[in-house]
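Please have the sequence and the model open while reading.

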Amino acid sequence: MDTLNFLAQGFDVATRPINLLMALFGAFVGTIVGMLPGLGPINGVAILLPLAFALGLPPETALILLAAVYLGCEYGGRISAILLNVPGDAAAVMTTLDGYPLARQGKAGIALSLSAVSSFVGSIIATCGVVLFAPLLAKWAVAFGPAEYFVLMVFAIACLGGMVGDKPVKTLMAALIGLGLATVGVDSTSGVYRFTFGSVNLSDGIQFIVVVIGFFSVSEVLLMLEKTHKGQNVVKASGRLLFNFKEFGFTFWTMIRSSVAGFVIGTLPGAGATIASAMTYMAEKRIAGDSSTFGEGDLRGLAAPEAANNASACGSLIPMLTLGVPGSGTTAVMMGALTLYNITPGPLLFEQQPDVVWGLIASLFICNVILLVMNIPLVGLFARMLRVPNWVLVPAITIVSMVGVYAVHSTTYDLVLMIGLGVFGYILRKLDFPLSALILGFVLGELMESNLRRALSISAGELGILWGSPITLGLWALVVLMLAMPGIRWWRQRGTAKLTHA
């Protein structure tokens, strides 16, 4: 009963005119930022943080604005992923696997509308979870130390082999390439320069935006130039703009399962929406079986990552609010907003600043309704992007990509590196390597290394810490199972073929 009273108090805060206005503004800005390849929610929140503070907004209003931008970016990231095969951020990488094939089949409107509803379902379920289970899940998340996180990352890499079941070797090789790219730069522990080849431009490592724009945007431009001439459209113009009841029913339980899983993964500090979308995609592909069309335009392959990454985004607020530990890079920026207002996140925050906490939680419900109402009518406008001839679209994508990359360090080196990675990505795509695995390997690389080093520091170099708890043992068992699955599947298919011939 106390929870309902606090939630009612939160809605009283969230429905104030200034807070509703900030929620609407943040949702719109977040959607636009999410559409732009490579920017993502971290940049969106970081851009508006100084503005919120400079305007003298109260802390609850500033947090509502930033939360609206966060959710809007998660919604918006799917748009470029579906229409252009260029994910708005790392969490939208999995959306490209089935979203873009759907767009190529003339179903861009269906994909956009269904992904918007999947995002809404994931966010609403996760927000209900924040209200009901925050204290319990916060205690569970504390059980994950550096060793557990490292093994969780290994498990995520092992899962990649199952995501593209017909080519597990190429998938794991692509993931290893991504892990290798993540090692470039100064070693944060020893200060040693690694794989920089004497270039000062690589001392900070390769930026995520350079990698994602190079491998996805530039390689996609090269493929578009290869397949079209005289302004022909590669992608079919969209027909029906909204999904029907049958399609919604087909994906409903996928949305529910992925929302719950994404929320639980989101409560783990540092796990994030990228891991949530990858693991739920893999799980749904396993559930669907060999008869599915995952990777070729399966609606379940679109609904799963979209529900999961939005649920994870809401779930990541739990460790931030209850433990003072950011659940994702974006919530780390939001924690900076709290410190600007001299507010310390943690268990006492619920007692000392109930208006801030419950106003933020209530605003999540409101922001999701705003985003759904905003995104569904715009499906037709977004889908019309596919009618733009390639002689206009290719230069536009190239210019936006170059501006986004140049804005990171304002150096031409990043542009050259982007083109080089794009050509490499084009070759990998021609050889049928899944670039989504490469990007996920790159994103997980830094997290894997940092958690491994922390674990070894705690244990004075003893490797036993990596399998010294029930959680790590369980995760290692899952890793072995995932690595064995392609072989088991091959053995079963071989046995079935022998029976058929017999």
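Axes are lines fitted to C-alpha atoms, for helices over the stretch in contact, and angles run from 0 to 180 degrees between N-to-C directions. Helices (H or I, at least four residues) are DSSP runs, numbered from the N terminus. The model is a predicted one, in which local features need pLDDT of at least 70 and side-chain atom pairs count only at pLDDT 80 or more, while totals for chains, interfaces and linings use all residues. Residues are numbered from 1 along each chain as its sequence is written, and side-chain values use heavy atoms, with hydrogens and water left out.

Helix H10 (residues 245–266) packs with H12 at an angle of about 35°, their axes being 7 Å apart. The residues of this contact (heavy atoms within 4.5 Å) include Thr251, Thr254 and Met255 of H10 and Ala303 of H12.

Ala303 lies in helix H12, which spans residues 299–315, and touches Ser118, Thr251, Thr254 and Met255, not counting residues up to four places away in sequence. Ala303 and Leu114 are 189 residues apart in sequence, yet their C-alpha atoms are 7.1 Å apart in space.

The structure holds zero disulfides, a disulfide being a pair of cysteine sulfur atoms within 2.5 Å. Cys314 is in no disulfide, and the nearest cysteine sulfur, that of Cys367, is 9.4 Å away. The table lists relative accessible areas, where buried means under 20%, exposed over 50% and partly exposed in between (1.4 Å probe, protein chains only).

| Residue | Relative accessible area | Class |
|---|---|---|
| Ala303 | 0% | buried |
| Cys314 | 1% | buried |
| Cys367 | 0% | buried |

Definitions and conventions:
Helix = DSSP H or I, 4+ residues; strand = E, 2+ residues; numbered from the N terminus.
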